[in-house]
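Please find below my notes on the model you asked me to look over.

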Amino acid sequence: MRKVLGRVAAGVVAMVMVTGGCAMFEDERTSKGRHLYRHYCMHCHGETGQQAEGFNWERMPDPRPRDLSESAAMSTFTDEEIFNTISREMRDTSLQSVLDDEEYFAVATMPTFRYTLSEDELWAIVGYVRTLHGGSLTFDVEGRRAQLESQFGAAQSDHDQARQVMEDALAKQEAEAAAAEDESDDDMSEDEDDEEYEEVVLPEEEAYEREAERFALAKAAWENFSKRPKMDHMARPDLTVTETEQHKLAEEGKNLYFNQYGCNGCHSIGDVGGLVGPALDRAGFRLNDTWVYRWIRYPQGVKKHTRMPNLGLDDHDARAVTAYLETLRAPKPDHPVPPPE
Ligand code: HEC
Ligand code: HEC
């Protein structure tokens, strides 16, 4: 198990960190990573990555956020492993198959950032996390950038070329068809009914389709590297369902809330749960359900720099979680009545 790791070198590492983490020697990427870390990670993992330092740490359910300054454990992870942890898909950790997947980091309360940040930014964060335990990034980010950019450029020119070839072939086909029609016009007398030309898909058209697909993929990979993910404007969802369906959805939503998206890592219900976002005990009274749906599917669409990451909920999951939040209707906290004078 990856989680069972010692604390042997922690003391030594702490010393290295004091000098190693010095901001003066930071390159541009590390400094970008520091900035992002402070915005998205610090509340749980602490400013210097030390356990129990982040204000949210104590309120979190088990397992609590890992100590990112502990070299003995952290140096056993490759850069790619850290990258994958912070950019994985959220999966339902109440399922045994998910817990059994050795490749998967199954802690719902460690959020994903794949729907919030660009790949470039994610690498910057990994680089900064490395400095917290006296390490440094070895993954070749510039190489990756260059590779994606050149793949994009090559796919684009192949695509343009394939389109030209296809257009030429189509023009030729049209000219031939027109010529054939002229001919048949001449001997109209022999054959009354014009034979219809069968729609033929040219190999050049098929080749173009393939290039267009390849180009779309290369473009998406390149944009995903360089830009933050964006979603289209979301139409107002129609959330009306029958009462029985609503009940079922809310049950499902409750499981998603705790076991898949780890909302409880940042939000509290009663005395339980994190304090990064507002308490949700009274969400059912306070918040409008269409607003909630849109917020949880795409927080950045509502508030660009919110600390709440987009956790990648699809339409169904957002409906279910919204239905669950609608059931949260705790009474107003009692305000102690001041004693009579
Ligand atoms: C809501 C609190 C929370 C936030 C925000 C958060 N984490 Fe975590 N993180 C956790 C928890 C909980 C764990 C699980 C610890 C464990 O399994 O021992 C964890 C584990 C990790 C691990 C260890 C993974 C492993 O394989 O053991 C890394 C690395 C990490 N987080 C990095 C980050 C980075 C970088 C950010 C910001 C981009 C971040 N975390 C934001 C709660 C959080
Ligand atoms: C990493 C922490 C984090 C996680 C995980 C997280 N949230 Fe949030 N949430 C926030 C923060 C911070 C805010 C405050 C938004 C702001 O003003 O920028 C917020 C705001 C909200 C609000 C608006 C509350 C209000 O009273 O205005 C709702 C509703 C909400 N989150 C639901 C969820 C749900 C549901 C999930 C799980 C799918 C979730 N959040 C996961 C941090 C988080």
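1. For the metal site, donors are taken as N, O and S atoms within 2.8 Å of the metal (3.2 Å for Na, K and Ca), and since water is not among the atoms, sites may look incomplete. On that basis the iron atom of ligand 1 is coordinated by His 45 through NE2 and by Met 110 through SD, at 2.0 to 2.1 Å. The two residues bring together distant parts of the chain, His 45 being in helix 3 (residues 42-45) and Met 110 in the loop between helix 6 (96-100) and helix 7 (119-132), 65 residues apart. Helices here are DSSP runs of H or I with at least four residues, strands are E runs of at least two, and both are numbered from the N terminus.

2. This is a predicted model, in which local features need pLDDT of at least 70 and side-chain atom pairs count only at pLDDT 80 or more, while totals for chains, interfaces and linings use all residues. Residues are numbered from 1 along each chain as its sequence is written, chains are lettered from A and ligands numbered from 1 in the order in which they are written, and side-chain values use heavy atoms, with hydrogens and water left out.

3. The arrangement around the iron atom of ligand 1 is octahedral because its six donor atoms subtend angles of 87 to 179 degrees; the criterion for six donors is that opposite ones are over 155 degrees apart and all others between 65 and 115. His 45 counts as buried at 11% relative accessibility, and Met 110 does so at 16%, where buried means under 20% relative accessible area (1.4 Å probe, protein chains only).

4. Ligand 2 is surrounded by 20 residues, the closest being Cys 263, Cys 266, His 267, Thr 306 and Met 308, with a heavy atom within 4 Å as the condition for being near. Oxygen atoms of ligand 2 have a polar side-chain atom of Thr 306 at 2.7 Å and one of Arg 286 at 2.8 Å, and a polar contact is a pair of N or O atoms within 3.5 Å. Helix 12 gives the most to this shell, with three residues.

5. Which residues does Ala 218 touch, leaving aside those up to four places away in sequence? They are Gln 151, Phe 152 and Ala 155, contact meaning heavy atoms within 4.5 Å. Ala 218 lies in helix 9 (residues 203-226) and is buried, with a relative accessible area of 14%.

Note on methods
A polar contact is a pair of N or O atoms within 3.5 Å; within protein, one must be able to donate a hydrogen and the other to accept it, and residues adjacent in sequence count only if both atoms are side-chain atoms. Buried means under 20% relative accessible area, exposed over 50%, partly exposed in between (1.4 Å probe, protein chains only). Four donors count as tetrahedral if all angles lie between 85 and 135 degrees; four count as square planar and six as octahedral if opposite donors are over 155 degrees apart and all others between 65 and 115; anything else is irregular.
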